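Here's a quick briefing for anyone meeting this structure for the first time. Take a look at it, then read on.

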Amino acid sequence: MSFQHDIKKLRVDHNMTQKELANLIHVSRQTISAWENGKNYPSLEVLRALSAVFDISFEKILFGEELMHTKETIAETINQDLSLKRRYKKATMILSSIILLLILWISILILGYQKGIDTIDRFDPFLQYSVAYTKAPNNKITNPNNAQDGKWTKWFSDNEMGTQWSKLTLSTGLNPGLDDPYVMAYHKGSYVKIARFVPGNSVNSIIKSNISAIDRLVHSKSHDNLSLNMSSEDKLKNKIHSNHAIQELVIQ
């Protein structure tokens with residue numbers, strides 16, 4: 001039904017004349033007549049007054065009887081819209097927080113690896129355990145009563161190609177009596193899970209040559225005959241990990 005029929009039906013159902021209705025909402029009788037004849041339409045303020053007079057919802061007076069039975073009210077629509085916006089805002093904040101935490105977590109893992117922080121590397125899911133070797137230091141360095149409480153630091157060879165190196169800090173205690181002692185470390189990044197002495201005859205000659213090369217490189221002022229792909233500016237003492245190919249080019 002149209003507004004002109006609705007307003008007339010409401011007035012008749014309430015046993016009101018056009019004049020009586022006009023007096024209640026403070027308009028002229030002619031205005032009521034114009035509405036009922038479809039010649040004019042009331043303002044929103046007047047519509048609110050009509051909804052109060054006839055004790056019906058503003059939506060019903062605005063949209064009509066048939067529309068009210070099939071559509072949600074404006075208030076419900078607005079509430080749903082606000083609810084969806086709140087949910088979207090909350091979901092966006094949660095997602096943003098997760099992304100920020102993920103970035104922070106990855107940054108901490110990267111920093112831990114670059115700085116050689118073993119407690120971080122230990123729980124880094126992106127690192128894998130590997131076995132590395134180095135020549136064992138003398139008992140004075142490995143002594144449990146040394147200045148570092150038995151801990152010592154040395155470069156370890158992670159592969160036979162001599163392209164993967166890790167500077168590990170660990171403790172092994174004293175050499176159990178091996179004549180040509182090496183140390184084998186099971187590690188992930190800078191975290192050493194297990195380390196023990198092994199005899200030199202259990203370590204292949206290629207790894208021995210790599211270890212000898214990096215030991216001489218660390219203590220040598222000239223890098224020309226000890227390294228490949230490493231310039232004199234690449235100072236191992238400032239590194240924790242190295243991917244340079246280090247080979248002993250001069251056979252003793």
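Predicted model: local features only at pLDDT ≥ 70, side-chain atom pairs only at ≥ 80, totals over all residues.

Residues are numbered from 1 along each chain as its sequence is written, and side-chain values use heavy atoms, with hydrogens and water left out.

**The whole chain**

- You'll find ten helices and six strands in the protein chain; these are DSSP runs numbered from the N terminus (helices are H or I with at least four residues, strands are E with at least two).
- Of its 252 residues, 34% count as buried, meaning under 20% relative accessible area, with over 50% called exposed and anything in between partly exposed (1.4 Å probe, protein chains only).
- The chain exposes about 16200 Å², and carbon and sulfur atoms supply 55% of that (Shrake-Rupley method, 1.4 Å probe; for residues, only the protein chains shown count as cover).
- Take the contacts (heavy atoms within 4.5 Å) with a separation of 6 or more: 50% of them join residues 24 or more positions apart.

**H2 and H4**

- Helix H2 (residues 18-25) and helix H4 (residues 44-53) have axes that come within 10 Å and cross at roughly 115 degrees; axes are lines fitted to C-alpha atoms, for helices over the stretch in contact, and angles run from 0 to 180 degrees between N-to-C directions.
- That makes H2 roughly perpendicular to H4 (65 to 115 degrees; under 35 is roughly parallel, over 145 roughly antiparallel, and the rest oblique).
- On the H2 side, Leu-21, Leu-24 and Ile-25 meet Val-46, Ala-49, Leu-50 and Val-53 of H4.
- The tally for this contact is seven nonpolar, no polar and no charged residues (Ala, Val, Leu, Ile, Met, Phe, Trp, Tyr, Cys and Pro are nonpolar; Asp, Glu, Lys and Arg are charged; the others, Gly among them, are polar).

**H1 and H3**

- Helix H1 (residues 3-13) packs with helix H3 (residues 29-36) at about 125 degrees, their axes 7 Å apart, so H1 is oblique to H3.
- Phe-3, Gln-4, Ile-7, Lys-8 and Arg-11 of H1 meet Ile-32, Trp-35 and Glu-36 of H3.

**Ile-32**

- Ile-32 sits in helix H3 and is buried, with a relative accessible area of 0%.
- Leaving aside residues up to four places away in sequence, Ile-32 touches Arg-11, Gln-18, Leu-21, Ala-22, Ile-25 and Val-27.
- Ile-32 and Lys-8 are 24 residues apart in sequence and 8.9 Å apart in space, C-alpha to C-alpha.
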